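Work through the exercises below with the sequence and the structure at hand. Try each task before you read its solution.

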Amino acid sequence: MKSAFKSVKTYVISSILLAISLGIIFGQYFIILYYFPEVNPWNYSYMLMGFGFLFILIGYVGGEIITGKYRHKTKKWNDKLPEDVSVRAWKFRLPFFIPGLILLIFAAIIEIIALNMGGNLPF
């Protein structure tokens, strides 16, 4: 797991995923708000939570597929995973976990701000 945190590729992929998801979320919000003012845009805090949970789900399932393939190939169901398989699984998981957690924290902060503003979203 430590080598996954040290890899530059992890942070590049994480930042790309985060930028794409924020672009989709706020892009659709401001496009609908600007071009179709009579239509209520989707609540972007719910979309932040949805993308966050989706990224965490993809990371978890992908890592489990990697470890499951190893266990199925070697038929060692209860043994401890070798270091290289564990590192490979974490190198797949971590680029999805980082933006997922950032999006969930950002959604929680926006919800707290909205509650303090009487239920209105900040923008």
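**Exercise 1. Locate R93 and decide whether R93 is buried or exposed.**

Step 1. R93 is in helix α4. Helices here are DSSP runs of H or I with at least four residues, numbered from the N terminus.

Step 2. The model is predicted, so local features need pLDDT of at least 70 and side-chain atom pairs pLDDT 80 or more, while totals for chains, interfaces and linings use all residues. Residues are numbered from 1 along each chain as its sequence is written, and side-chain values use heavy atoms, leaving out hydrogens and water.

Step 3. The relative accessible area of R93 is 9%, so R93 is buried. The cut-offs are under 20% for buried, over 50% for exposed and in between for partly exposed, with a 1.4 Å probe and protein chains only.

Step 4. Leaving aside residues up to four places away in sequence, R93 touches G59, Y60, G63 and E64. Touching, or contact, means heavy atoms within 4.5 Å.

**Exercise 2. Describe how α3 and α4 are placed relative to each other.**

Step 1. Two packed helices are described by the angle between their axes and the distance between the axes.

Step 2. Helix α3 covers residues 44–74 and helix α4 residues 83–116; their axes come within 8 Å and cross at roughly 165 degrees. Each axis is a line fitted to C-alpha atoms over the stretch in contact, and angles run from 0 to 180 degrees between N-to-C directions.

Step 3. α3 and α4 are therefore roughly antiparallel to each other. That word is used for angles over 145 degrees; under 35 is roughly parallel, 65 to 115 roughly perpendicular, and the rest oblique.

Step 4. The crossing of α3 over α4 is left-handed. This means that the near helix is turned anticlockwise from the far one by less than a right angle; clockwise would be right-handed.

Step 5. The contact of α3 with α4 contains 24 nonpolar, seven polar and four charged residues. Nonpolar covers Ala, Val, Leu, Ile, Met, Phe, Trp, Tyr, Cys and Pro, charged covers Asp, Glu, Lys and Arg, and polar covers the others, Gly among them.

**Exercise 3. State what follows α3, and whether K75 is buried or exposed.**

Step 1. K75 comes after α3 and is found in the loop between α3 and α4.

Step 2. The phi of K75 is positive, about 60 degrees, although K75 is not a glycine.

Step 3. With 51% relative accessibility, K75 counts as exposed.

Definitions and conventions. Helices (H or I, at least four residues) and strands (E, at least two) are DSSP runs, numbered from the N terminus.
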